[in-house]
Amino acid sequence: MPNYTERWTEANRPTIIDPASRNNATVNSDWVALRDYHRAVGLVQVGALAAGATVNASILQAKDTDGTSSKAITGKAITALTDVDDSKIVAIEVRTEELDVDAGFDCIRLQIVTAGGAAALTSGLLIRFNSRFSPVGAAAFDEVVD
């Protein structure tokens, strides 16, 4: 049952991919541990996409926050966005049980790949939520306003 006296910032932990115009680039969020959370969501936002640009995104898993043995999580990739998809936001949801926990995978990161030789304005957020232990603290935020 939700605790309605807690702040959203006390129960959720974001990791950012800063907004930028990218061309034929791969950009990643930091690796973060998912072991203290039940779920995560990767949000990818695109602005104007030049003709020919494509944007792909996925969530990867690893055995630690150094990215040891990193690999894809089956089914955790978006359908490629193209220049007809200007100003879209897409989400990739992950539950801890979808990780290869039997092999020691408990860390994740969001990866955004731009291709096509044309500019693509992109940004991303990887938010861990449904914490196993509350509150998680608000250290990931530059400011919290009630």
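The structure is a predicted model, in which local features need pLDDT of at least 70 and side-chain atom pairs count only at pLDDT 80 or more, while totals for chains, interfaces and linings use all residues. Residues are numbered from 1 along each chain as its sequence is written, and side-chain values use heavy atoms, with hydrogens and water left out.

In sequence order the elements follow the pattern α-β-β-β-β-β-β-β-β-β-β. The radius of gyration of the protein chain is 16 Å, close to the 15 Å that the globule rule gives for 146 residues, so the chain is as compact as a globular protein of that length; the radius is taken over C-alpha atoms, and the rule is 2.2 Å times the number of residues to the power 0.38. The C-alpha trace spans about 45 × 40 × 25 Å along its principal axes.

Buried residues account for 42% of the 146 residues in the protein chain. Among contacts (heavy atoms within 4.5 Å) between residues at least 6 apart in sequence, 83% join residues at least 24 apart. The chain exposes about 7900 Å², of which carbon and sulfur atoms supply 49%, with areas computed by the Shrake-Rupley method with a 1.4 Å probe. There are 13 positive and 19 negative side chains, and the centres of the two sets lie 4 Å apart; Lys and Arg are counted as positive and Asp and Glu as negative, without His or the chain ends, and each charge is placed at NZ of Lys, CZ of Arg, CG of Asp or CD of Glu.

Gly42 is found in strand β4 (residues 37-49) and is buried, with a relative accessible area of 0%. Apart from neighbours within four places in sequence, the contacts of Gly42 are with Ile59, Val90, Ala91, Ile92, Leu110, Leu125 and Leu126. The C-alpha atoms of Gly42 and Val101, which are 59 residues apart along the chain, are separated by 19 Å. Thr15, which lies in strand β1 (residues 13-22), likewise counts as buried, at 9% relative accessibility. When neighbours within four places in sequence are set aside, Thr15 is in contact with Ser29, Asp30, Val32, Gly124, Leu125, Leu126 and Arg128.

Ile89, by contrast, has a place in strand β8 (residues 89-95) and counts as exposed, at 59% relative accessibility. Beyond neighbours within four places in sequence, Ile89 is in contact with Val44 and Gln45; the C-alpha atoms of Ile89 and Gln45 are separated by 4.3 Å, although the two residues are 44 residues apart along the chain.

Asn130 lies in strand β10 (residues 120-131) and, at 40% relative accessibility, counts as partly exposed. Its contacts, leaving aside neighbours within four places in sequence, are Ala11, Tyr37, His38 and Arg39, and its C-alpha atom is 9.7 Å from that of Arg13, a residue 117 residues away in sequence. The backbone of Asn130 has a positive phi of about 55°, although the residue is not a glycine. Asn24, also not a glycine, has a positive phi of about 50° and is located in the loop between β1 and β2 (25-28).

Terms used
Helices (H or I, at least four residues) and strands (E, at least two) are DSSP runs, numbered from the N terminus. Buried means under 20% relative accessible area, exposed over 50%, partly exposed in between (1.4 Å probe, protein chains only).
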